Amino acid sequence: MSDAAARPLPAARSLSLSRGPNGSTVSRARTPRILSIAGTDPTGGAGIQADLKSIAANGGYGMAVVTALVAQNTHGVRSVHTPPVSFLREQLDAVSDDVVIDAVKIGMLGSVEVVDEVRAWLRASATGPIVLDPVMVATSGDRLLRADAEAAVRALLPMVDLVTPNLPELAVLAGAPIATDWATALDQALALSREHGVIVLVKGGHLGGTSSPDALVDAAGRLGDDRDQQVVEIVGARVETSNTHGTGCSLSSAIATLVARDGDWTRALDDAKRWLTGALARADELVVGSGNGPINHFAELWDAAGIGEADALGRALDLDGHRLDETDAAVAPASITDAWWDDVEPVRRRIDESPFILGLGDGTLDAGAFTHYLAQDAIYLREYARVLARASQLAPTTEEQVFWAEGASGSIVAEMELHRTWLAEHAASGIRVEPTPVTAAYLSHLLTAARSTDYGLVVAALLPCYWIYQDLGERLVTRSHPEHPFAGWLDTYADPAFAVSNQRAIDIAGAAAARADSAGRERMRRAFLVSAAHEEAFFADPLARLAATGP
């Protein structure tokens, strides 16, 4: 029996023990401590530099042991220097002698000697889940593992819990030709899992097409909610960008961080994939190198801090650089939100003039585009309801708690019922059921706000979905009639009850902004502006995708 098959899936490791004031043992939540064992990238996009960013972005504390010093940039690898393996072991022991390691992520190993030393250390010291990204060939095509080390890496598989190869690496490990279709890749992974007792992550990014599927494969059948499935697939949208440097490193590190919390591989992959999609969707905002640049690891965290998207958003909104002054503390709540509304006037104008809204109003919008919009909005609303619930949790008064809770359980549920009805009637249209990069980026922004404890930031991020839709509905309903193909949508947002809810949301946000200091008020303003920009992109996405893929 292999080492991996002989032990159960890693248990939760998100609690530690400390001594209370009376000497009693107290359980407290803590940040998972993740060790990356990998090579370097001086441009910061791959290797341990990417690992540490991914670990931090997903809520972990990152540590790193260097296996190789790599001279590379966004165009490729120039040379590799491997320190003595005795020094590698000194690094590993220095960490494990002092720090409890909650999970290990292994990347570039390079040579047989390095693989053997890491294997010996794992046997002696490793605790928690172990994730192996079998780095063999860089995205640029440069080889990062000597040919004689392939067998050594294959022999390492029984000691790890999850291996995350790309399709060429999967083929090497399985001793088979490179898979050219998804079914063949899954078969290779199942055979590899059965032989070595390891869970295999199959990544479909190299297959091309509009989607980018991933799957966990475990021949022992320990996956899924009931831990009884061999294959769990998670389908996602492909992000069109050339800035993908370090994607494999980043995904495997994110999974290691997330699984260290509760031992659930499926949930870890789902959360990591959602984060990675957002980081890829925002990769082009970075300008790092002239080749294949890195992903934007901290995009959602920068948004939450009020420092992300600043330049791009300013261009999108045609802003004049207005900022609230320190002396604005006593400003009236309504004047604050009115100023925000004025700030997004360019966005509102472009939404009004967009082909999607014009077609929605006069009934000429392509039905396929509308179905795509509803499918994405249904995905959006499920997560939006979570953010509404977070606002309820943070609300300072019972009345505001009830308002946001009713928003999560009442109006959102009713709206989703409309979507389910429409989508059921158009099931034959081949709609996408996974979030597109536009949807993922908007949700990333909202969920980042929700992870904070800043009530004002959360409600400011939520507000454009109320205000922009109510404003549109109030004006578009004049075009509605019983035979209008989109009458249900038009009537929903013109409902007087929705207008009342919108005004209450505006009042709550304004009051929260008035209570905040100028820095907090500016964070709220930026959250509002970013959400408004995402609304514009959301309306534009269906017709853009229709134009790209054809009817």
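Helix 4 has six named buried positions: Val114, Val115, Val118, Arg119, Trp121 and Leu122, where buried means under 20% relative accessible area, exposed over 50% and partly exposed in between, with a 1.4 Å probe and protein chains only. Seen down the axis of helix 4, these residues fall within an arc of 165 degrees, so they line one face of the helix; the arc is that of the directions from the helix axis to the C-beta atoms. This is a predicted model, in which local features need pLDDT of at least 70 and side-chain atom pairs count only at pLDDT 80 or more, while totals for chains, interfaces and linings use all residues. Residues are numbered from 1 along each chain as its sequence is written, and side-chain values use heavy atoms, with hydrogens and water left out.

**Whole chain**

- The secondary structure of the protein chain comes to 21 helices and twelve strands; helices (H or I, at least four residues) and strands (E, at least two) are DSSP runs, numbered from the N terminus.
- Of the 551 residues of the protein chain, 54% count as buried.
- Among contacts in the protein chain with a separation of 6 or more, 73% come from residues 24 or more positions apart; a contact means heavy atoms within 4.5 Å.

**Helix 4**

- At 1.5 Å a residue, the 14 residues of helix 4 should span 20 Å, and its end C-alpha atoms are 20 Å apart, which agrees; the expected span is 1.5 Å times one less than the number of residues.
- Arg123 and Ala124 are exposed on the other side of helix 4.
- The buried residues of helix 4 pack against strand 3, helix 3, strand 7 (103-106), strand 8 (130-132) and helix 5 (150-156).

**Helix 3**

- The buried residues of helix 3 are Leu88, Gln91, Leu92, Val95 and Ser96.
- Viewed down the axis of helix 3, the buried residues fall within an arc of 125 degrees, so they line one face of the helix.
- An α-helix has 3.6 residues a turn, so residues three or four places apart point the same way.
- Glu90 and Ala94 are exposed on the face of helix 3 turned away from its buried side.
- Strand 3 (33-38), strand 4 (61-66) and helix 4 (112-125) are what the buried residues of helix 3 pack against.
- The twelve residues of helix 3 (residues 85-96) should span 16 Å at 1.5 Å a residue; the end C-alpha atoms are 17 Å apart, which agrees.

**Helix 9**

- Helix 9 (residues 265-281) reaches 24 Å from its first C-alpha to its last, close to the 24 Å expected for its 17 residues.
- Twelve of the 17 residues of helix 9 are buried, so it is largely enclosed by the rest of the structure.
- The buried residues of helix 9 include Trp265, Trp275, Lys273 and Leu280.

**Helices 12 and 20**

- Helix 12 (residues 333-343) and helix 20 (residues 496-515) pack with their axes 8 Å apart, at an angle of about 110 degrees; axes are lines fitted to C-alpha atoms, for helices over the stretch in contact, and angles run from 0 to 180 degrees between N-to-C directions.
- Helix 12 and helix 20 are therefore roughly perpendicular to each other, a class that covers angles of 65 to 115 degrees.
- Pro333, Ile336, Thr337 and Trp340 in helix 12 meet Ile506, Ala509, Gly510, Ala511, Ala513 and Ala514 in helix 20.

**Arg479**

- Arg479 sits in the loop between helix 18 (455-476) and helix 19 (487-493).
- Arg479 counts as partly exposed, at 41% relative accessibility.
- Not counting residues up to four places away in sequence, Arg479 touches Gly361, Asp362 and His484.
- Arg479 and Asp362 are 117 residues apart in sequence and 6.7 Å apart in space, C-alpha to C-alpha.

How values were computed
Angles under 35 degrees count as roughly parallel, over 145 as roughly antiparallel, 65 to 115 as roughly perpendicular and the rest as oblique.
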